[in-house]
Amino acid sequence: MSAIASWVSDYFTVHADATVTIPQTPGNTESASSKAEPADETAQDDAPEEEAEEAEEEEEEEEEEEEAEDQKPAIVEACENTKACAPLKHHFEECQERVLGKSEDDGHHEDCVEEMFHLMHCVDQCMAPKLFAQLK
């Protein structure tokens, strides 16, 4: 180790029991120590800043809440009732009634996944152009 590196190492080494005295100024009459001090003092100093940040975040949230309402549910409902999709919706609802009406004691488990996929495919084909036209 060179002489300069040794001097820098010795000069900037902080010992656990070292106490540093800070010159007194009108706003500061404390001394600093390298030992850990309770974090309560720093938390009290940061409290006004944190409150200001929280107030700003609340204002931003209020601005975000003023966004337009989602049009997709209304478009989906309208598409489910179109001439092309209405038979698929009827078939899906019949399947649901049949499945919910059956008891599971017979060992045969039926679901309406296929009917749901057919209906959703039809609804997606109907809805996509309408929804994306509103986004432009």
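This is a predicted model: local features need pLDDT of at least 70, side-chain atom pairs count only at pLDDT 80 or more; totals for chains, interfaces and linings use all residues.
Colleague: Let us turn to a helix. How many residues does helix H5 have, and what span does it reach?

Modeller: Helix H5 runs over residues 113-135 and has 23 residues. From its first C-alpha to its last it reaches 30 Å, which is close to the 33 Å expected at 1.5 Å a residue.

Colleague: Where does a kink lie in H5?

Modeller: The kink is at Met 127 and amounts to about 40°.

Colleague: Which residues of H5 are buried, and what covers them?

Modeller: An α-helix has 3.6 residues a turn, so residues three or four places apart point the same way. In H5 the buried residues are Glu 115, Leu 119, Cys 122, Val 123, Cys 126, Met 127 and Leu 131. Their cover includes helix H3 (72-80) and helix H4 (86-101).

Colleague: Which cysteine is joined to Cys 126, and why does the pair tie together separate parts of the sequence?

Modeller: Cys 126 is joined to Cys 79, with an S to S distance of 2.2 Å.

Colleague: Is Cys 126 buried or exposed, and what is in contact with it?

Modeller: The cut-off for a buried residue is under 20% relative accessible area. Cys 126 has a value of 19% and is therefore buried; Cys 79 is buried as well. Neighbours within four places in sequence left aside, Cys 126 is in contact with Cys 79 and Thr 82. The C-alpha atoms of Cys 126 and Ala 78 are separated by 9.2 Å, although these residues are 48 residues apart along the chain.

Colleague: Where do the cysteines of the disulfide between Cys 85 and Cys 122 lie?

Modeller: Cys 85 and Cys 122 are joined with an S to S distance of 1.9 Å. Cys 85 is in the loop between H3 and H4, while Cys 122 is in helix H5, 37 residues apart. Both cysteines are buried. Their link is left-handed, with -95° about the S-S bond.

Colleague: Which cysteine is joined to Cys 95?

Modeller: The partner of Cys 95 is Cys 112, at 2.1 Å from S to S. Cys 95 lies in helix H4 and Cys 112 in the loop between H4 and H5, so parts that are 17 residues apart in sequence are tied together. Cys 95 and Cys 112 are buried. With -95° about the S-S bond, this link too is left-handed.

Colleague: Let us consider charged side chains. How many salt bridges does a search of the whole structure find?

Modeller: A salt bridge is read from the distance between a side-chain nitrogen of Lys or Arg and a carboxyl oxygen of Asp or Glu, with a cut-off of 4 Å. The search finds two salt bridges. In one of them, the side chains of Lys 89 and Glu 80 meet at 3.8 Å, N to O. Glu 80 is found in helix H3 and is buried, with a relative accessible area of 18%. Neighbours within four places in sequence left aside, Glu 80 is in contact with Cys 85, Ala 86, Lys 89 and Val 123.

Colleague: What forms a salt bridge with Arg 98?

Modeller: Glu 110 does, and the closest N and O atoms are 3.1 Å apart. Glu 110 is in the loop between H4 and H5 and Arg 98 is in helix H4, 12 residues apart. Glu 110 is partly exposed, with a relative accessible area of 21%. Arg 98 also counts as partly exposed, at 37%.

How values were computed. Residues are numbered from 1 along each chain as its sequence is written. Side-chain values use heavy atoms; hydrogens and water are left out. Helices (H or I, at least four residues) and strands (E, at least two) are DSSP runs, numbered from the N terminus. The expected span of a helix is 1.5 Å times one less than its number of residues. The bend at a residue is the angle between axes fitted to the seven residues ending there and the seven starting there. Buried means under 20% relative accessible area, exposed over 50%, partly exposed in between (1.4 Å probe, protein chains only). Contact means heavy atoms within 4.5 Å. A disulfide is a pair of cysteine sulfur atoms within 2.5 Å.
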